[in-house]
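Dear colleague,

Please find the structure below, together with its sequence.

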Amino acid sequence: MEAAILNKLAEAVVEGDDDLAVELAQKVIDDGLDPYEAIVNGLAKGMMIISDRYEKGEAFVPHLLIASSAMYAGMDILSPAMKTEGAEKAAVGVIGSIEGDVHDIGKNLVKTMLSASGFKMIDLGADVPIEKFIEAAKEHKADLISMSSLMTTTMVNMEKVIEILQEEGIRESLKVMIGGAPVSEDFAKEIGADSTHADAMHASDWASEHVKQLEPNQIRWNQEKISLGKVKYRESLSKKKVKGKSDIGLETARQIIEEFEKVGVKSKEQMTHMDRTLASMGDKKVDRLPVYPLACGIMRKFANQSYKQYATTPEAFVESAFLGSKYLDTDMFVGLIDLSATSSDFGCKIKYPEDDTPSSEGHLKDYDKLEVPEVKKGTRAYELVMASKAATVKLNKELNTPFVGFHEGPLLTLTQLMGADRVLMDMKTHPDVVLEALQKCTDYICQVSELFFEESACNALCVDNLWSNNVIMSEEDYWKFDGKFVYDQQLPLFKKYNQPYIIHNCADAVHFDTQIKKFGTQLYSYAYYPKQRGKGSQNYADLIPKYGDTCCMMGEINPIDFMDGSARGVQKIRDDTKTLIEGVIPVLKENGMQSKYVMSSGCEIPPGGPLNTVKAMVDTVKELGPQLQKSIIG
């Protein structure tokens with residue numbers, strides 16, 4: 001009897017049946033069975049089954065989210081009935097997406113797996129202020145803090161949490177785990193985190209094992225231990241160079257300007273930025289490969305602008321793009337401000353930090369209340385187009401540098417509006433509702449694209465189609481819930497105006513066949529995550545042979561590495577750039593091509609970093625590129 005109920009509980013989770021999970025959980029209590037046993041060998045077992053399918057590529061994120069909903073529904077019934085007397089106290093974990101980052105899918109998966117492993121999870125949600133992690137850890141005397149980030153622009157906030165833990169004397173009271181596609185083991189080690197993992201299952205396994213190594217809670221969290229931790233932190237500060245409060249972006253911008261004003265551009269090149277970029281996209285002969293690290297927001301430091309000014313004031317945006325392009329001598333500028341311009345116009349509230357990337361603040365509740373806005377004066381999209389137009393004129397005229405416009409795709413807009421985990425779940429439970437909402441988002445996206453073209457507001461237009469990811473969803477689901485909308489409605493606009501279709505996608509395992517071959521994409525900006533290579537993340541050596549005949553690839557250098565402005569950090573960027581260009585050109589040659597690649601970072605460089613690392617990449621390509629191009633390509 002008991003075994004049958006436990007098996008049915010597991011099946012309810014696998015099927016994502018909330019009502020059945022609740023019914024069976026209540027039966028466990030009514031029949032006097034052990035609720036703890038029902039959680040461990042019923043609900044958690046079902047979660048493990050679906051997670052195993054996920055690991056094998058037989059299930060995707062929506063399946064995990066639906067299963068977790070059923071698991072929590074059952075746990076809400078069983079947890080209050082558990083006997084706590086004499087039982088081992090559950091480990092407590094505090095979890096959230098770091099401040100500035102509204103993405104919460106990965107965070108929710110880790111939370112689910114930790115809950116299934118017996119943790120009591122305190123979920124702070126997404127876009128969590130730094131101080132909230134500290135407050136929650138102290139309030140609940142936590143064993144673990146888990147922070148996640150998908151956006152490279154927000155990752156630096158993780159380090160700030162760890163620094164405050166040290167200041168408060170409680171760093172040794174708990175374990176700190178960080179995660180997200182851009183997060184590497186080196187980054188985790190550098191900021192003082194205990195670990196990072198490629199997926200939720202391994203993260204849960206690690207956390208379950210390592211919290212056992214902590215001292216008993218009453219020892220770790222007593223005042224004497226905390227006071228000792230504060231003393232140790234102060235001692236450590238006295239022995240090392242403390243990071244100053246100076247604005248490293250502004251400092252390095254001033255150094256670059258000073259050098260530029262003394263010597264100007266060091267060597268006159270054979271081609272203009274415009275000619276080189278266009279030739280590369282067409283695989284024509286070039287003097288060297290184009291270079292543009294995705295240093296969009298960080299370039300505002302050349303104009304001494306805050307991020308809020310850069311994002312909301314057209315004049316600040318234009319001046320930042322112009323001065324950045326001038327002093328770094330890049331081959332293009334991409335007008336990326338943030339990923340919430342289109343969702344804002346649908347009514348999503350946007351937070352504008354003074355010196356960080358804007359983001360959605362909360363989500364809309366009702367799909368059926370979505371109304372397609374008109375792109376007109378006063379909307380964020382309109383202001384973006386007009387600012388882009390002014391920047392295009394200035395960069396083209398004064399620097400002969402191309403300007404690439406930028407906005408979000410349909411599914412990205414909807415997930416910013418409603419929340420990614422909710423939309424992905426609703427794809428399975430209420431697909432018609434999601435499809436109707438996506439149609440409205442697409443209608444607006446097409447208006448935005450058309451205004452860019454009608455106003456000649458860019459030399460080319462890039463669309464962020466983020467959710468093409470073979471871990472998040474199957475290729476069939478991506479096509480149904482994003483790709484088909486792009487293909488049927490947006491791509492014809494690009495053809496109508498004779499414009500190349502350009503995609504930026506910093507996901508870690510992309511459906512390249514759909515987004516490149518099916519769409520006919522001509523320039524693709526991508527990220528490469530070595531730790532996700534087994535799940536589909538690909539680099540230039542994979543991509544050029546497959547797609548180089550139709551598409552110019554762009555990306556790859558780790559954007560987080562640009563944050564270290566020390567001599568060692570600058571040298572690492574130079575070395576990584578050298579390795580990339582020395583690898584790319586021979587692969588182009590082997591595949592009958594000569595220039596179809598743009599040297600770049602895999603995603604946007606965080607806006608709070610230095611600019612000397614950005615300059616190091618540009619300079620390295622300019623120094624090595626001509627000779628390599630001549631000796632290898634001829």
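In these notes, buried means under 20% relative accessible area, exposed means over 50%, and partly exposed lies in between, with a 1.4 Å probe and protein chains only. Helices (H or I, at least four residues) and strands (E, at least two) are DSSP runs, numbered from the N terminus. This is a predicted model, in which local features need pLDDT of at least 70 and side-chain atom pairs count only at pLDDT 80 or more, while totals for chains, interfaces and linings use all residues. Residues are numbered from 1 along each chain as its sequence is written, and side-chain values use heavy atoms, with hydrogens and water left out.

Overall form

The protein chain has 25 helices and 14 strands. Its radius of gyration is 25 Å, which agrees with the value near 26 Å that a compact globule of 634 residues would have; the radius is taken over C-alpha atoms, and the globule rule is 2.2 Å times the number of residues to the power 0.38. Along the principal axes, the C-alpha atoms fill a box of roughly 80 × 60 × 50 Å. Of the 634 residues, 58% are buried. Among contacts (heavy atoms within 4.5 Å) with a separation of 6 or more, 78% are between residues 24 or more positions apart.

The accessible surface, computed by the Shrake-Rupley method with a 1.4 Å probe, where for residues only the protein chains shown count as cover, comes to about 25,900 Å², and 49% of this belongs to carbon and sulfur atoms. There are 72 positive and 95 negative side chains, and the centres of the two sets lie 5 Å apart. Lys and Arg count as positive and Asp and Glu as negative, whereas His and the chain ends are not counted; the place of a charge is taken as NZ of Lys, CZ of Arg, CG of Asp or CD of Glu.

Two strands pair if DSSP finds at least two bridges between them.

The seven-stranded sheet

A further open sheet has seven strands in the order β6-β9-β10-β11-β12-β13-β14, also with parallel pairing. Its edge strands, β6 (333–334) and β14 (597–601), pair on one side only. Four bridges join β12 (residues 523–526) to β13 (residues 552–557), with Ser 525 opposite Met 554. Met 554 also stands opposite Val 598 in β14, and β13 and β14 run parallel over five bridges.

Loop residues

Most residues other than glycine have a negative phi. Lys 141 has a positive phi near 45 degrees; it lies in the loop between α6 (130–140) and β3 (144–148) and counts as partly exposed because its relative accessibility is 37%. Asn 304 has a positive phi of about 55 degrees, and at 49% relative accessibility it is likewise partly exposed.

Asn 304 is found in the loop between α13 and α14, and Lys 285 lies in the loop between α13 (273–281) and α14 (307–312). Lys 285 counts as exposed, at 56% relative accessibility. Leaving aside residues up to four places away in sequence, Lys 285 touches Met 271, Ala 279, Gln 594 and Gly 634. Between Lys 285 and Gly 229 there are 56 residues in sequence and 61 Å in space, C-alpha to C-alpha.

Yours sincerely
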